[in-house]
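Hi there,

Here is the structure I promised to pass along. Have a look at it first, and then read on for my notes.

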Amino acid sequence: MTGTWLTTADHKRIGRMYIVVALAFLVVGGVAGALLRAQSDLSQLSYLRLSDLRASGTATLVLAPLWVGLATYLVPLQIGASRLAFPRLQSFAFWSYALGGVVHLLSETGAGPRVVGVSLRQFMLNGAGDKGHTDLWVASLIVVTIAAIAAAANLVATVLLYRTDGMTLGRLPMFSWATLVSSTGTLLAAPVFLAGLVLLFIDQHFGGHEFFAAGTVGTQVIWQHMLWLYGRPDVYLLVVPGLGAASDIVAHAADRPLANLNAARTAIAAVGFLAFGAWAAGTKVASSIVLPTYSGLTAAVVIPLAVLVLVWLDTLRRAGRPRPDVSASFVVAFILALAAAGLAAGVAAIKPVDGSAWSAGQLDLVAIAAPLLLAVGALHYWGAKLFGRPIGAAAGSAQLLLLFGGSAVMALGSYLAGWDGQAGEVAASDGFSRIAEGGAVLVLLGILATAASVMARAARVTASDAAEAGLTLEWATTSPPPAHNFDAIPEVRSSTPLGDLRAVEASA
Amino acid sequence: MSTPTMLALPRGDRGRPTNGLSVATLLAGVAELMVVGALVAGYLNVRGLADRWPPKGVSLDNYLGTTLTITMGLTIVTAEWAVYALRRGNRRQSLGALTLTGGLGLAFVNLLWYLGTQLHFGPADHSYGALAYALLIVVGVIAVGGIGFLIVALTRTMGDQATASDPSLVRAAAWHWHVVSAAWLLVFTALFLLQHR
């Protein structure tokens with residue numbers, strides 16, 4: 001049995017393994033986040049280490065792999081394929097990610113690495129850390145990044161090569177379309193980060209101390225370029241698959257195709273494209289690379305997001321009475337989180353809050369909470385497909401309350417603390433920080449509840465013949481699907497082949 | 001609700017796409033060139049910021065760089081020869097061309113290693129050192145991967161798994177080798193042609 005899991009080339013098993021491991025890392029990140037908020041007497045070094053674990057860990061080890069796991073499981077089903085283009089490559093990517101992630105966590109133990117946080121703003125803080133841990137830290141990130149590139153390439157190849165007859169790119173389900181967009185972005189952005197990590201490894205392993213230290217030629221400018229060429233797009237690319245999943249969830253809730261499919265597709269592609277315009281963010285270390293286009297291009301992302309939300313609302317309006325669905329509630333929470341972040345950005349224009357706790361709150365809300373809400377919503381939407389039975393509406397509602405409520409409270413505390421002038425990278429114990437701590441505890445409870453319910457389902461996957469009234473091809477087979485995925489595939493003449501099929505049934 | 005597959009049409013057997021390897025090679029090539037491109041961009045960035053470039057006492061041997069480029073240029077021809085010969089059904093010539101390409105690839109890696117031993121600075125000496133070593137190591141790793149791909153293509157051609165009717169493996173190996181060539185040309189341009197400011 002163990003051997004089967006170790007050597008499997010079944011995209012469904014690999015996808016489930018991705019999801020379970022990503023959730024395990026999410027628990028670690030959630031504990032780090034709660035410790036960060038609850039321990040006001042943390043040293044600066046411990047604070048920054050935990051901060052790194054929460055921020056970079058959540059992005060690199062949780063959100064991106066969670067989407068890769070869902071895409072690994074669902075994309076072949078949505079496009080009517082029986083397999084991924086390169087199944088063993090995905091297996092390689094998964095095990096590289098899992099082992100690299102564990103080594104990355106281990107590198108943070110003991111003396112720890114000489115670097116604190118991938119932004120390297122606190123490089124070699126007071127001589128802390130040692131060479132061995134630094135090597136592990138960098139090498140593990142190299143392995144995880146190579147895994148991300150391999151998985152992204154595989155997903156792109158699968159969508160391009162393995163679509164069933166009639167499934168043109170214009171008829172791709174929205175989640176598969178979004179996966180194509182985000183994987184292409186990852187394929188272009190992640191190698192830049194990899195190049196930066198190679199430089200960092202060479203510099204650190206061979207005894208170089210001056211390359212990234214302040215005052216030498218080049219210094220951190222190269223690192224800032226390479227990190228942000230990956231990091232900035234990555235923040236957007238983590239949301240893109242969620243936008244696709246949310247579009248499928250909305251269409252399912254409305255029981256009809258999206259009101260304006262082309263606008264939705266273009267909007268998702270535009271978010272992926274504009275992600276690359278937002279890289280030249282101002283940094284404390286290398287202010288010389290701030291580009292005048294940064295603010296405009298960052299703000300421009302609001303336009304496609306607004307278009308997409310309008311398409312969703314129009315779809316629901318046309319549906320009349322949408323069917324109640326806990327996954328749709330997560331989409332609503334996502335929209336509210338985006339609206340709150342937009343409001344906060346507007347308020348921030350009144351008073352400079354860059355680098356304060358305000359910015360930290362904004363980052364929590366936009367880069368972590370929003371995509372996490374969509375990811376958990378997607379797990380609920382496809383829960384029955386993944387595990388044979390749904391995760392459960394009651395559990396979903398509780399998780400939604402904890403994750404969304406906690407994120408809102410945490411962000412509010414950070415906003416207020418930032419408005420009060422508190423710096424973003426210090427442990428504090430004022431009243432506003434206490435509010436943020438309370439929110440962090442709620443988020444942690446939400447994470448634990450989500451991880452527990454998903455892992456319980458994953459531990460005992462049961463076959464079910466019950467067909468969901470979905471519109472896309474993944475619902476045209478049993479839950480979970482057989483090894484070959486489909487016995488027969490409905491004819492594809494639109495983006496919602498099962499909706500077409502039901503219309504034929506109804507008219508007959 | 002009834003299972004929708006009841007009304008489904010039988011699944012047509014589409015088989016495996018024949019261009020899978022080509023697409024995979026293209027995607028891998030894009031990623032590899034992005035890594036090298038990012039390092040070259042970093043090199044040019046620091047070059048523009050430095051007071052003196054290259055640092056005092058640093059000079060790369062143009063003779064070695066040119067020899068490496070000529071070697072790589074030859075492999076572009078031999079790799080295409082392998083594809084051309086296989087497509088025309090000349091398996092023996094294709095095997096010879098693949099062997100020659102792999103051999104020249106090994107010579108390239110060997111010469112690259114020698115170039116590394118001739119550098120009179122370390123990766124930790126200055127920014128230039130770290131960047132130069134990073135560029136050479138990355139292009140070396142990509143070249144070794146390319147040689148591995150050529151060996152796979154060679155052995156499969158020997159086993160009649162790559163034929164005139166299905167030359168996709170040899171075609172993909174040749175394309176990947178062109179990516180190695182492009183990566184080296186980027187490195188050569190940065191380290192040798194743009195050596196002095």
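Let me start with the rings: Y18(A), F25(A), F94(A), W95(A) and Y97(A) come together as one aromatic cluster. Please keep in mind that this is a predicted model.

Over all chains, the count of aromatic pairs comes to 21. One of them joins F175(A) and W382(A), a tilted pair with 5.2 Å from centre to centre and 45° between the planes. F175(A) belongs to helix α6 (residues 174-205) of chain A, while W382(A) is in the loop between α13 (357-381) and α14 (383-387), so this pair ties together parts that are 207 residues apart in sequence. Both residues, F175(A) and W382(A), are buried.

F193(A) and Y230(A) make a stacked pair, because their ring centres are 4.7 Å apart and their planes are at 10°. Here helix α6 of chain A, with F193(A), is tied to helix α7 (residues 221-237), with Y230(A). F193(A) counts as buried at 5% relative accessibility, and so does Y230(A) at 11%.

There is also a charge over a ring: R265(A) lies over the face of W177(A), 5.8 Å from the ring centre.

On the surface, V409(A), L412(A), L416(A), I435(A), V441(A), L442(A), L445(A) and L448(A) form a nonpolar patch with about 570 Å² of accessible area together. Helices α15 (393-419) and α16 (431-459) of chain A each give two or more residues to this patch, and the largest share, five residues, comes from α16(A).

Finally, in chain B, S22(B) is found in helix α1 (residues 20-49). S22(B) counts as buried, because its relative accessibility is 16%, and among its contacts are A172(B) and W175(B).

Best wishes

Note on methods
Residues are numbered from 1 along each chain as its sequence is written. Chains are lettered from A and ligands numbered from 1 in the order in which they are written. This is a predicted model: local features need pLDDT of at least 70, side-chain atom pairs count only at pLDDT 80 or more; totals for chains, interfaces and linings use all residues. Side-chain values use heavy atoms; hydrogens and water are left out. Helices (H or I, at least four residues) and strands (E, at least two) are DSSP runs, numbered from the N terminus. Buried means under 20% relative accessible area, exposed over 50%, partly exposed in between (1.4 Å probe, protein chains only). Contact means heavy atoms within 4.5 Å. Patches are made of residues with over 30% relative accessible area and no salt bridge: like charges are joined within 9 Å, nonpolar side chains (Val, Leu, Ile, Met, Phe, Trp, Tyr) within 5 Å. Accessible areas come from the Shrake-Rupley method with a 1.4 Å probe; for residues, only the protein chains shown count as cover. A salt bridge is a side-chain nitrogen of Lys or Arg within 4 Å of a carboxyl oxygen of Asp or Glu. Rings of Phe, Tyr and Trp (its six-membered ring) pair if their centres lie within 6.5 Å; planes under 30 degrees apart count as stacked, over 60 as edge-to-face and the rest as tilted. A charge sits over a ring if NZ of Lys or CZ of Arg is within 6 Å of the ring centre and within 35 degrees of the ring normal. Lists of a residue's contacts leave out its neighbours within four places in sequence.
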